Structures are given as C-alpha cells and as structure tokens.
Amino acid sequence: MPEFKNKASPDTIYQKPQTKVDDFSFNHQVVDVFPDMIERSVPGYANIIDGVGRLAAKFAVPNTLIYDLGCSLGAVSLSIAKHNRQPNVQIVGVDNSSAMVERCQRHVDSYNYESPISITEADIVDFKLDKSSVIVMNFTLQFIKPKFRDALMAKLFDALVPGGILILSEKIKLGHAEMDSAIIDLHHDFKRENGYSNLEISQKRTALENVMILDEYSSHEKRLLTIGFEAVSIWYQQFNFVSFFAIKGQ
Ligand SMILES: C[S@@+](CC[C@H](N)C(=O)[O-])C[C@H]1O[C@@H](n2cnc3c(N)ncnc32)[C@H](O)[C@@H]1O
Ligand SMILES: O=C(O)C(=O)C[C@]1(C(=O)O)C=C[C@@H](O)C=C1
C-alpha cells in the first residue's frame, strides 16, 4: 500500500461524549484523520488496497481508463498506479467531498508513477464514464442512497469493455440476526484492539446509522448478475468487510 507521506493525525473525533451525534460526513475534520480512521476501522484495509492494485493490473487494457470511484485520499488509485504494467492507462479518481479531493490531489502529486492519475470532484451518481477496463468502488457504494444503486451499477457495466471488471469492497450485513450480531461483535473487538473505546465505537455507529446503508452479499451478487455481469466472486473477506469482483463477458 502506498504510504501516506504526511503522518496521519490520530482519529479522536468520537472520544468525548457528544450531546447530539451528527450524521457522519467526509468533511475537513474526517479528512485530517482519515488514514488512521480507516486503518483502525476496516479489517484488512491495507491488504485490500494492495490486492485491488494487483487485481486491476491483471485486467487493465491499453487505451482505457481505470476508475477509482469514491477515491478519498487516493489509496486505491496509487496502488493501481504502482502495480500497473500496461501502457496508455489513465487512472481517474472521483469523489464528491471537496475536502477529500483537495487533500487527495496533494497526495497524488507527491508520487511519480508512470500511469497518470487525475482527480475530479463530482457526484458519481450523475458522473459520465468513458470506456474503462477496471472500475473500483472501495467502501463507497454503502454511502450511495439505495434507490440509486441499481442504476449506478448498470452505468458502470455499460462503461466497461468486454472482459472488464468491477471491484467492489463493502461492509455487509448478514441475513441471519444471530450470525450478524456475532460478526459485528468481532468487528467491535477489532476496533477495541486498535484503541477505540466503547464510547467511540457507539458514537461512530450512531453517526453512520443514516448515511451508511448496508446490503447483504447475496443482494450485491444478485444485482450484478441481473445487470448482466457474467460472474461475481469474493476475493477477500474479514468479518463483515468483503471485497468482490464482477466480470463483463467478452
Ligand atoms: C469510505 S470512503 C472510501 C475509501 C477509499 N476508497 C479508500 O479506499 O481509501 C467513501 C468515499 O466516498 C465518497 N462518496 C460518498 N458518496 C459519494 C458520491 N455520491 N459521489 C462521489 N463520492 C462519494 C466520500 O466522500 C468518501 O471519500
Ligand atoms: O463500520 C465502521 O465503523 C467504519 O468505520 C466503517 C467505515 C467504512 O467501512 O467505510 C466507515 C466510515 C469511515 O470512512 C471508515 C470506515
């Protein structure tokens, strides 16, 4: 995983009790601590970033684009640039948080990989996509309103060349209450082991409740197959954090 060159500030956002916990948003306060927050919150994050770059390299095609939708600080874009061996591949990161885009541009500018990376501020729901061989949404679809998800996935399918892939990483819910609760407990243990208190875990959970809506893995798979993808497969999972990819037939 490309190291963030400026050492990230520690995430202390939910340390103090808040009388009213606001909905989570990718604002300046979150941007400042984001590398620390995501590393301590998402099991396997560094492995996923590296694996996405390696997987993208297997499907990248010259003279196409590779999209990183919901790019945050550019970790996926940089991993793809690091692993890509194909000529004339342009990596395009898109995010609708101006605070993220501004910081992401600085990160990307501090690297010098052969494949160019451009960063754009836009809402991916109404962003027009050009011909691409790989599209990645790493922990982003969960923040898109459910009513927009089918159309967004269909748009990504249309933009892919035959043989192209969509890589999605998502926090999922399990279809069985007792199993779901056990896996959520393991995730919370992971957070506690990374130094988060019960108060931090519970306030963050409240903040995310209305903005991060989770699907079951079976719903993701069904949606992608219904749209026309030839096959869908999980390549990484730890607890309720899954990364999977779907291929468009030739
Ligand atoms: C959990 S972060 C993604 C992490 C990042 N992909 C990584 O691997 O480090 C979700 C990102 O999606 C962005 N986002 C959420 N909704 C969006 C939308 N409608 N259009 C574009 N970006 C969006 C947020 O601003 C945020 O930066
Ligand atoms: O479930 C959580 O507590 C999370 O923090 C998850 C999650 C994510 O999956 O995107 C949510 C918001 C932050 O961007 C980092 C991680």
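Analyst: A definition comes first: Ala, Val, Leu, Ile, Met, Phe, Trp, Tyr, Cys and Pro count as nonpolar, Asp, Glu, Lys and Arg as charged, and the others, Gly among them, as polar. Please also keep in mind that this is a predicted model.

User: Which elements give two or more residues to the shell around ligand 1?

Analyst: Ligand 1 is surrounded by 20 residues, and the closest are Phe-26, Gly-70, Asn-96, Ser-97 and Asn-138. By type, this shell divides into 12 nonpolar, six polar and two charged residues. The elements that give two or more residues to the shell around ligand 1 are α3 (75–83) and β2 (89–95).

User: Which are the edge strands of the sheet?

Analyst: Seven strands form an open sheet with mixed pairing, and their order is β3-β2-β1-β4-β5-β7-β6. An edge strand pairs on one side only, and this holds for β3 (117–121) and β6 (231–238). Going from one strand to the next, the twist averages 15°. The edge strands are thus β3 and β6.

User: What angle does the direction of helix α2 make with that of β4?

Analyst: Helix α2 (residues 45–59) packs on the sheet, where it touches β1 (64–69), β4 (132–138), β5, β6 and β7. Angles here run from 0 to 180 degrees between N-to-C directions. The direction of α2 makes with that of β4 an angle of about 170°.

User: Which residue in β7 stands opposite Glu-170?

Analyst: Strand β5 (residues 160–171) and strand β7 (residues 241–247) run antiparallel and are joined by seven bridges. Within this pair, Lys-171, which is also one of the residues around ligand 2, stands opposite Phe-241. The residue in β7 that stands opposite Glu-170 is Val-242.

User: Which residue in β7 is the bridge partner of Ser-233?

Analyst: Strands β6 and β7 run antiparallel, with seven bridges joining them. They form a hairpin with two residues between them, and Phe-239 in its turn has a positive phi of about 55°. Across this pair Gln-237 stands opposite Val-242, while the bridge partner of Ser-233 is Phe-245.

User: How many of the residues of β7 are buried?

Analyst: A residue is buried if 20 or more other C-beta atoms lie within 10 Å of its own. Strand β7 is mostly covered, and of its seven residues the number buried is five.

User: Which element gives the largest share of the largest nonpolar core?

Analyst: This core has 55 residues, of which Ile-66, Ile-135, Val-136, Leu-166 and Ile-167 touch the most other members. Leaving out residues up to four places away in sequence, Ile-66 touches several residues, among them Ala-56, Ile-80, Val-89 and Val-134. The largest share of this core, six residues, comes from α2.

User: Is Leu-78 buried or exposed?

Analyst: Leu-78 is found in helix α3, and its C-alpha atom is separated by 7.1 Å from that of Val-108, 30 residues apart along the chain. Because 27 other C-beta atoms lie within 10 Å, Leu-78 is buried.

User: Why is Arg-223 partly exposed?

Analyst: Arg-223 is found in helix α8 (residues 217–227) and, leaving aside neighbours within four places in sequence, is in contact with Asp-150 and Met-153. A residue counts as buried at 20 or more other C-beta atoms within 10 Å and as exposed at 12 or fewer. Arg-223 is partly exposed because the number of other C-beta atoms within 10 Å is 18.

Technical notes: Residues are numbered from 1 along each chain as its sequence is written. Chains are lettered from A and ligands numbered from 1 in the order in which they are written. This is a predicted model: local features need pLDDT of at least 70, side-chain atom pairs count only at pLDDT 80 or more; totals for chains, interfaces and linings use all residues. Two strands pair if DSSP finds at least two bridges between them. Helices (H or I, at least four residues) and strands (E, at least two) are DSSP runs, numbered from the N terminus. Two residues are in contact if their C-beta atoms, placed from the backbone, lie within 7 Å. A residue is near a molecule or strand if its C-beta atom, placed from the backbone, lies within 6 Å of it. A nonpolar core is a set of buried Ala, Val, Leu, Ile, Met, Phe, Trp, Tyr and Cys residues joined through C-beta atoms within 7 Å.
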